[in-house]
Amino acid sequence: MGEDLLTVFKESFKDRMLPLSCRRTVITLLPEKGNLQEMKNWRPVSLLCSDYKILFKALANWLREVMTQVIHKDQTYCVSGRSILDSVSLIRDILDISGSLGIRTGLTSLDQEKAFDRVEHLFLWKTLERFGLSPGLTAMIKVMYQDIESVLKINGSLGAPFRVRRGVRQGCSLSGMLYELAIEPLLCKIRANIGGQVLKGFNKGFILPAYADDIVIFGTLSGAKVNWAKSEALAVGNWREGLPSLPRGGADLEKDGFKYLGVYVGE
């Protein structure tokens with residue numbers, strides 16, 4: 001089947017359109033924490049056909065080769081040689097050192113609302129271009145998201161198909177890397193403008209660890225939105241003046257923004 005499948009893929013890239021069986025996926029919902037009567041507490045996962053997965057895997061193998069050159073070392077998701085344990089260990093060590101030495105350290109944890117589903121395609125294509133990815137690879141990735149559709153699976157039945165105009169499909173081997181590339185420009189901006197926490201023996205400050213959407217700052221251009229209900233702030237060390245005054249409740253955070261430890265998150 002390999003030769004026939006390769007022929008189909010070549011024709012699809014030449015015509016800039018995949019077959020309908022590849023462009024249409026089934027979305028199933030997985031429960032998250034919180035009240036399951038609310039739709040925001042369900043995670044959509046795309047069930048992809050096998051030929052589509054094969055093509056995505058091939059493109060992912062190419063893209064994986066350059067991720068370490070493009071993505072900063074503090075991002076550990078979907079980058080070869082990096083692990084979520086790197087981020088966890090770094091946070092744990094900083095909290096331990098700050099607590100034992102009485103150093104005033106604040107940790108702000110932000111969770112992005114439906115992170116993978118909010119990636120704007122135009123923003124993603126421009127990001128791939130600015131990072132210097134080859135035009136050929138970028139063009140193939142664009143074809144993978146050209147005129148795509150989804151159908152929702154509920155209680156064993158399928159709904160009517162609908163067009164998907166943004167987001168990367170959770171469930172494929174390429175989506176994690178595309179999300180990391182889409183969020184990297186925002187993290188670059190944060191690193192350039194925030195000094196972070198400098199500990200004794202280090203020349204540079206600790207600014208952020210990022211694993212997928214676990215630490216994300218609000219950016220309207222990329223389509224990102226902070227999920228205030230799942231975001232937290234933690235103060236460690238000796239705060240003689242007392243803790244800063246924080247807005248209370250999701251509504252206040254949305255209204256007033258979030259100003260804490262030199263970080264401002266707002267519209």
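## Strand β4 and its antiparallel partners

In what sense, parallel or antiparallel, do β4 and strand β6 (residues 162–163) pair, and over how many bridges? In this predicted model, β4 and β6 pair in the antiparallel sense, and the pairing extends over 2 bridges. Within this pairing, Glu-149 has Arg-163 of β6 as its bridge partner.

Strand β5 (residues 157–158) also pairs with β4 in the antiparallel sense, over 2 bridges, and here the bridge partner of Ile-154 is Ser-157 in β5. The hairpin of β4 and β5 has 2 residues between the strands, and in this hairpin Asn-155 takes a positive phi near 55°.

## Strand β1 and its two pairings

Strand β1 (residues 24–31) pairs with β4 as well, in the parallel sense and over 4 bridges. Two of the residue contacts can be followed in the structure: Thr-25 has Ser-150 of β4 as its bridge partner, while Ile-27 stands opposite Leu-152 in β4.

Strand β1 is also joined to strand β2 (residues 42–47) by 6 bridges, and these two strands run antiparallel. In this pairing, Pro-31 has Trp-42 in β2 as its bridge partner.

## Aromatic pairs around Tyr-145

A search of the whole structure finds 4 aromatic pairs. A pair of aromatic rings is described by the distance of the centres and the angle of the planes. One of the pairs is formed by Phe-56 and Tyr-145, whose rings are 6.2 Å apart from centre to centre with 70° between the planes, an arrangement that is edge-to-face. This pair links distant parts of the chain, since Phe-56 lies in helix α3 (residues 50–70) and Tyr-145 lies in the loop between α6 (135–144) and β4 (149–154), 89 residues apart. Both Phe-56 and Tyr-145 are buried.

Tyr-145 also forms an aromatic pair with Trp-125, and this pair is tilted, with 6.3 Å centre to centre and 55° between the planes. Here too the pair links distant parts of the chain, with Trp-125 in helix α5 (residues 121–130) and Tyr-145 in the loop between α6 and β4, 20 residues apart. Trp-125 is buried, as is Tyr-145.

## The aromatic cluster

Which residues form one aromatic cluster? The cluster consists of Tyr-52, Phe-56, Trp-125 and Tyr-145, and Tyr-145 is thus a residue that pairs with Phe-56 and with Trp-125.

Methods:
Residues are numbered from 1 along each chain as its sequence is written. This is a predicted model: local features need pLDDT of at least 70, side-chain atom pairs count only at pLDDT 80 or more; totals for chains, interfaces and linings use all residues. Side-chain values use heavy atoms; hydrogens and water are left out. Rings of Phe, Tyr and Trp (its six-membered ring) pair if their centres lie within 6.5 Å; planes under 30 degrees apart count as stacked, over 60 as edge-to-face and the rest as tilted. Buried means under 20% relative accessible area, exposed over 50%, partly exposed in between (1.4 Å probe, protein chains only). Two strands pair if DSSP finds at least two bridges between them.
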